Amino acid sequence: MRDHSNLQAMNERSLAQQAAVRKATFSPAEEKSLRPFSIWEISQFMFHVPADTLRKKLADDPSLPQGSTEEDGRQRWFSLAEINELRRRIRFRGKTLLPHRPAGRAMRVAVSNFKGGVGKTVVAQHLANAAALDGYRVLVVDFDPQATLTHSMGLVEVKEWNTVWGIMCRDLCREADRIAGAYDDPADCPYPAADELPEDVQSIGAQRVQDFIQKTAWPTIDIIPSCANAAFVEFASAQYRAMHKAWSFFGCVARYLDELPEDQFDLIIFDCPPAIGYQSLNAAFAADILYIPSGPGYWEYDSTTSFLGQLGDALEDISEGYARIAQDAGITLPKKFDDIRLLMTRFEASNPLHVAMMDAFRNVFGADVCRNAIEMTRAVEQSGRFQMSVYEQDYRQMTRETWKRARQSFDTTYEEFKEVVLGAWKRRDKKEEVNT
């Protein structure tokens, strides 16, 4: 017979193995660092100009970042910070290298499905990395207690009050006081004020809006992290919801993000847990765009179908059951997305079953299925194994063609993603112009 002590012992053994993996993956100080990028990569994959043209620009203006050379002196390597300075200062044929960024707040994208193993974290990580290499400032929000995205971004020690759970506690305190303040006499309010909530909720609720945002190994990617201890957020949220029945629990993250300066980030990407609960509903309500990854198998198709139905039912139930509460909280119901896309992952074009499933997805979902799938390659497999995206992997550690093929698969996925995001941005701008 086994009890909790066996589970705790298994956890201790697993933590020891985790430490060994991180030691092999990160630097000896357990701090992940972002590798430099070669002129070949920058010219071909980022600036889209001939390498000799870029070299001439650098030679003509010594004040530009010149990178560094390795011992053989044959190739220059640049940090992402140096690359971004080149973006700001260099023009090719009068054209800026800075990405298009419409006015207004950051566009928010939720990567969600409740089938495990379909690549949600891989997709979120690679989209964030690709956007950063494209010149955008990115915030990633890890809603998943497995914290894989958090670890892949180089964070190891995370306290649960710095996760989405902390944001929900903060929101509960603020909403409790707002609701009580709406009464002529707060004593008439049938719901608790913030000072009547549990002490741990009050202490976490006192945090400032920027306290939840942490730096990553990428200079232009920040993160609201997760950790294993945040797994109890579903139980805690149910308790808080019972404690304060007027709390619009599904709007916590949206309200929090609305407090951020509009120009702090360009993109906000959510990595959602494989379940429909308090955290995934918060992600859905905060998102402008919903990205749904799915593998190329029947069970993944079946799970994706169930996910769509259950998420739709949950959003409908909230729209009907929380209409008055949402209106008082300034939330518009029913929840509307600017776009919804299904993305095929782990796809092998040479596999007839994968091709058949792609056809099935397109027959059912039509243009909502992304044109480009993420191919399964050796570099993609290593991405999950070593918590490093294709963009972080050094092409010198494998054949250049293997790395290039994997990168191009994610690049085409990102370009389509960027098209979707900018299209949603454009529609939002037009809507705002009509309203004004």
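These legends walk through several close-up views of one predicted protein model.

A few ground rules come first. Because the model is predicted, local features need pLDDT of at least 70 and side-chain atom pairs count only at pLDDT 80 or more, while totals for chains, interfaces and linings use all residues. Residues are numbered from 1 along each chain as its sequence is written, and side-chain values use heavy atoms, with hydrogens and water left out.

View 1. Helices (H or I, at least four residues) and strands (E, at least two) are DSSP runs, numbered from the N terminus. Of the 436 residues, 52% count as buried. Here "buried" means under 20% relative accessible area, "exposed" means over 50%, and "partly exposed" is in between (1.4 Å probe, protein chains only). The accessible surface comes to about 20,900 Å², and 50% of that belongs to carbon and sulfur atoms. Those areas come from the Shrake-Rupley method with a 1.4 Å probe; for residues, only the protein chains shown count as cover. Take the contacts between residues at least 6 apart in sequence: 78% of them join residues at least 24 apart. A contact means heavy atoms within 4.5 Å.

**View 2. Seven strands make an open, mixed sheet.** Read across, the order is E8-E9-E7-E10-E6-E11-E12. Strand E8 (214–215) and strand E12 (339–344) are at the edges with a single partner strand each, so one side of each has no neighbour in the sheet. Two strands count as paired if DSSP finds at least two bridges between them. Strands of a sheet pair through backbone hydrogen bonds, either parallel or antiparallel. Strand E11 (residues 289–294) runs parallel to E12, with six bridges between them, and Leu290 sits opposite Ile340 in E12.

**View 3. Two helices pack against the sheet.** Helix H5 (residues 120–133) touches strand E6 (107–111), strand E7 (138–142), strand E9 (221–224), strand E10 (267–271), E11 and E12. The direction of H5 makes about 165° with that of E10. Helix H14 (residues 352–365) lies across E11 and E12, and runs at about 165° to E12. For these angles, axes are lines fitted to C-alpha atoms (for helices, over the stretch in contact), and values run from 0 to 180 degrees between N-to-C directions.

**View 4. Strand E9 has buried residues pointing both ways.** Ile221 and Ile223 point one way, Asp222 and Ile224 point the other, and all are buried. With E7, the pairing is parallel over four bridges, and Val138 stands opposite Ile221. With E8, the pairing is antiparallel over two bridges, and Lys215 has Asp222 as its bridge partner. E8 and E9 also form a hairpin, with five residues between them.

**View 5. The largest nonpolar core has 67 residues.** A nonpolar core is a set of buried Ala, Val, Leu, Ile, Met, Phe, Trp, Tyr and Cys residues joined through side-chain atoms within 4.5 Å. Leu139, Tyr256, Leu257 and Phe270 touch the most other members. Helix H7 (residues 164–181) gives the largest share of this core, eight residues. Leaving out residues up to four places away in sequence, the contacts of Leu139 include Ile213, Ile223, Leu257, Phe265 and Ile269. A second, separate core has 63 residues, among them Val49, Val158, Tyr395 and Phe417.

**View 6. Val201 is tucked into helix H8 (residues 199–205) with a relative accessible area of 0%.** That value makes Val201 buried. Apart from neighbours within four places in sequence, Val201 is in contact with Cys169, Leu172, Cys173 and Tyr240. The C-alpha atoms of Val201 and Asp171 are 9.9 Å apart, with the two residues 30 apart along the chain.

View 7. The axes of H11 (residues 278–286) and H12 (residues 298–321) come within 11 Å and cross at roughly 75°. Leu281, Ala284 and Phe285 of H11 make the contact with Leu311, Ala314, Leu315 and Ile318 of H12.
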